[in-house]
Amino acid sequence: MDKLSLVREFWDETPCDGQPTYALRSQLRYHKEPWLLPLLDRIAAEYPSVLEVGCGQGTDGVTLCERMRPGGRYVGVDMSEVSLAQARSAGVEIRERLQITPQFGFENAEQLSFPDSTFPCILSVGALHHSENTERAIKEIRRVLAPGGTAFILLYRTIAPKVFAAHVLRSAQKSLDAVLGTDRILYRALRAVRHEVGAGTAVYECFGVPILRSYTRASMCALFRDFSSLTLTAHGSGRSLARLANDPFGYLWLAEAAK
Ligand SMILES: C[S@@+](CC[C@H](N)C(=O)[O-])C[C@H]1O[C@@H](n2cnc3c(N)ncnc32)[C@H](O)[C@@H]1O
């Protein structure tokens, strides 16, 4: 199986955040990551049309559609059909609260089907560091971004305790697999004992996701070098630091990149 199919298989098996309904997912997500809501509010207020790349189960997409102005457009794409089915039911679950109807569809971020310069805003939350070729996906995002538009891209930050721990645990599992001749043995053991993870799917992701890349400030600057401007901030180490513009322990970079 090629790398991208493995990535898709993982996300079909383990849709991001777990949880069967939008109500449960949004409660968990915005409790853990409260800094996401002001970002979504800002996007909803500033942009009439948004593409989200790697939308997963559509939690942020549906939340955006609650907040965007009527007449706007939101398109969420992903390559996990299981996640997309959940995203569509999230839209149905809260349809009476939505200002606009979300569109969810299958796309590979590395080969988007949209024409050049289609969207004034592109959002991607914690997705592209799992893609086979992140650089190619960022190039595609720049291609479909309208001139003067902004991409808001969240990617793992290397110098953060959570990400560092994930790399260490993944390399320990790799050594164990090499000795035992197994494939992601700890992930498979975890899946065998727990069917639903109440706190989300971070542990499954740590051991199971085929690709997990992270970035330093310098490698983020290199990744976004073709954009006309780039602002980087760090987010996500917990509620107490959520309001800081630059969270010293944040596990995600937010790249605000203008074309
Ligand atoms: C960690 S989840 C994030 C999902 C969602 N943004 C969220 O925060 O809940 C990563 C998602 O990226 C998607 N993904 C990874 N590589 C992709 C690619 N090349 N094209 C489209 N989707 C991709 C996966 O299918 C998965 O749903």
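For the terms, I took helices (H or I, at least four residues) and strands (E, at least two) as DSSP runs numbered from the N terminus, and I called a crossover right-handed if, with the strands pointing away from the viewer, the path from the first strand over the helix to the second runs clockwise.

I noted for myself that this is a predicted model, in which local features need pLDDT of at least 70 and side-chain atom pairs count only at pLDDT 80 or more, while totals for chains, interfaces and linings use all residues. Residues are numbered from 1 along each chain as its sequence is written, and side-chain values use heavy atoms, with hydrogens and water left out.

**Entry 1: strand E1**

I looked up the pairing of E1 next, counting two strands as paired if DSSP finds at least two bridges between them. E1 runs parallel to E2 (residues 73-78), with five bridges between the two, and in this pairing Glu 52 has Gly 76 of E2 as its bridge partner. E1 also pairs in the parallel sense with strand E4 (residues 119-125), here over three bridges, and Leu 51 stands opposite Ile 122 of E4.

Is E1 covered or open to the outside? I found that five of the five residues of E1 (residues 49-53) are buried, where buried means under 20% relative accessible area, exposed over 50%, and partly exposed in between, with a 1.4 Å probe and protein chains only. Ser 49, Leu 51 and Val 53 point one way from the strand, Val 50 and Glu 52 point the other way, and all are buried.

**Entry 2: the nonpolar cores**

I then searched for nonpolar cores, each being a set of buried Ala, Val, Leu, Ile, Met, Phe, Trp, Tyr and Cys residues joined through side-chain atoms within 4.5 Å. The largest has 47 residues, and those with the most contacts inside it are Ile 43, Val 50, Leu 64, Tyr 74, Leu 123 and Phe 152. Helix H3 (residues 36-46) gives the largest share of this core, five residues. There is also a second, separate core of 28 residues, which includes Leu 112, Ile 122, Phe 227 and Ala 255.

Which residues does Leu 123 touch, leaving aside its neighbours within four places in sequence? Taking contact as heavy atoms within 4.5 Å, I listed Leu 40, Ile 43, Val 50, Leu 51, Glu 52, Val 53, Leu 64 and Phe 152.

**Entry 3: the loop between H1 and H2**

I turned to Thr 14, which lies in the loop between helix H1 (3-13) and helix H2 (22-32). Thr 14 counts as buried because its relative accessible area is 2%. Not counting residues up to four places away in sequence, Thr 14 touches Tyr 187, Arg 191, Thr 201 and Tyr 204. The side chains of Thr 14 and Arg 191 are joined by a polar contact of 3.1 Å, a term for a pair of N or O atoms within 3.5 Å, where within protein one must be able to donate a hydrogen and the other to accept it, and residues adjacent in sequence count only if both atoms are side-chain atoms.

In this loop I also looked up Asp 17, which has a positive phi of about 80 degrees although it is not a glycine, and which is buried at a relative accessible area of 7%. Gln 19, placed in the loop between H1 and H2 as well, has a positive phi of about 65 degrees, again without being a glycine, and is buried at 12% relative accessibility.

**Entry 4: salt bridges**

I counted a salt bridge wherever a side-chain nitrogen of Lys or Arg is within 4 Å of a carboxyl oxygen of Asp or Glu, and the count came to 13. In one of them Arg 143 meets Asp 116, with the closest N and O atoms 2.8 Å apart. This pair links distant parts of the chain, as Arg 143 is in helix H6 (residues 134-144) and Asp 116 is in the loop between strand E3 (103-106) and E4, 27 residues apart. Arg 143 is partly exposed at 24% relative accessible area, whereas Asp 116 is exposed at 51%.

Arg 143 forms a salt bridge with Glu 140 too (2.8 Å, N to O); the two are three residues apart in H6, so about one helical turn separates them. Glu 140 counts as buried, at 13% relative accessibility.
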